[in-house]
Number of protein chains: 2
Amino acid sequence: MKENKISSAVIKRLPRYYRYLGELLEQGVERISSGELSKRMKVTASQIRQDLNNFGGFGQQGYGYNVEYLRREIGKILGIDKKHNMIIVGAGRLGQAIANYDSFSKSGFVIKGIFDTDENIIGQSICGVEVMHVSKVAEFIKKNDIDIAAFTLPKSHVGEMATIVADAGVSGIWNFAHTDLNLGNKVVVENVHLSESLMRLSYNIADNSKKKKR
Amino acid sequence: MKENKISSAVIKRLPRYYRYLGELLEQGVERISSGELSKRMKVTASQIRQDLNNFGGFGQQGYGYNVEYLRREIGKILGIDKKHNMIIVGAGRLGQAIANYDSFSKSGFVIKGIFDTDENIIGQSICGVEVMHVSKVAEFIKKNDIDIAAFTLPKSHVGEMATIVADAGVSGIWNFAHTDLNLGNKVVVENVHLSESLMRLSYNIADNSKKKKR
């Protein structure tokens, strides 16, 4: 595999390839050309070939791609060929929604613990996972080999919690709080800022309505 | 305002400018240079100037930006100077989490109705909004001038529901279901694919760990 720097646009598309290849497998498709994949995914065939060439290709000229092999290799690139132990910090509705997503565990993300400060829900079980007090986060991370912390807690507590989970040894934070986290190169952060997504939708609605009027 | 095509990268950054400018306002900051804004947002000053020049500038040489004015203008570009009436289709944990986000209503996104098929929750109120049966979606959209539908329903029902809300007249769909929607240029779609976000985190964790080993 090449060691070139992969652009973030390519990395953004990889999970989508992975999903489509999974759907093809479910439909019993064993082999697919970049042309066919292109039609289904609504991206150009040359884009697909270019993207996959970043990782050394995977295709045989004239034979197309072996769906199962390609999916497995993309899974390896995405690092989901290994299990990731995850915790959720914040057991509100969003934290519960995440605990409830069964597609995460299918991709190897295993939720091991949920943390909150609300005594009313501590000790309860959400989707089979116990809610514990946040004061136990650091100890739990160390004992259970946790590498991802999902943050579904109020923005005001995020900075402090980030330091705690980083010091305890997580490799990544999946941040839903509406604030930017920067922990240098110690811990990787993936932000899901729902308000910003909604504003992009609003922008595109306004833009689309202008186009229709022209 | 220029009518050039704005790149999606710029549009992605606008909500973040809007958020930072809002925080500055809360802190009582009235005027800011692109240099200072750059330090806070951890993007280059030239990037900020370039981004804002897409919309005609807003800055006065040597005087910096008027925070309140700039925020209001970016709000207009994002289309959040007007109210958006929104419905949520799917009253599960994720639908409830979205209904519960008070920052959406602050930005003018008003949740008017929540829909589900589960008779146990129909008639209940979630954050002050009534849960109704999905069979009433089309009528409700027409009567209440709804322009955004948030989809937090199972993937298998998304295609059918998309046709219903599009025909009833929404302008945009905010799609959380793990499938791609394509409704041509009739309705704008913004996807929030949480599994894909988690896979990007996983990729970046693997990539960061390789870098540390080098």
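I took buried as under 20% relative accessible area, exposed as over 50% and partly exposed as in between, with a 1.4 Å probe and protein chains only. Strands (E, at least two residues) and helices (H or I, at least four) are DSSP runs, numbered from the N terminus.

I note that this is a predicted model, in which local features need pLDDT of at least 70 and side-chain atom pairs count only at pLDDT 80 or more, while totals for chains, interfaces and linings use all residues. Residues are numbered from 1 along each chain as its sequence is written, chains are lettered from A and ligands numbered from 1 in the order in which they are written, and side-chain values use heavy atoms, with hydrogens and water left out.

**Sheet of chain B**

I traced an open sheet of seven strands with mixed pairing, in the order E5-E6-E4-E3-E7-E8-E9. Strands E5 (125-126) and E9 (188-191) of chain B each have a single partner strand, so one side of each lacks a neighbour in the sheet. I counted two strands as paired if DSSP finds at least two bridges between them. E8(B) and E9(B) are parallel, over four bridges, and Ile173(B) has Val189(B) as its bridge partner in E9(B). Strands E7 (residues 148-151) and E8 (residues 172-175) of chain B are also parallel, with four bridges. Phe151(B) stands opposite Asn175(B) in E8(B).

**Helix pair**

I examined helices H1 (residues 8-26) and H3 (residues 45-53) of chain B, whose axes come within 11 Å and cross at roughly 105 degrees. Axes are lines fitted to C-alpha atoms, for helices over the stretch in contact, with angles from 0 to 180 degrees between N-to-C directions. Contact (heavy atoms within 4.5 Å) involves Val10(B), Arg13(B) and Tyr17(B) of H1(B) with Gln47(B), Ile48(B) and Asp51(B) of H3(B).

**Ser107(B)**

I located Ser107(B) in the loop between helix H6 (102-106) and E4 of chain B. Ser107(B) counts as buried because its relative accessibility is 13%. A polar atom of its side chain lies 3.2 Å from the backbone oxygen of Ser103(B). Leaving aside neighbours within four places in sequence, I found Ser107(B) in contact with Met199(A) and Ile80(B).

Note on methods:
Polar contact = N/O pair within 3.5 Å; in protein donor to acceptor, adjacent residues only side chain to side chain.
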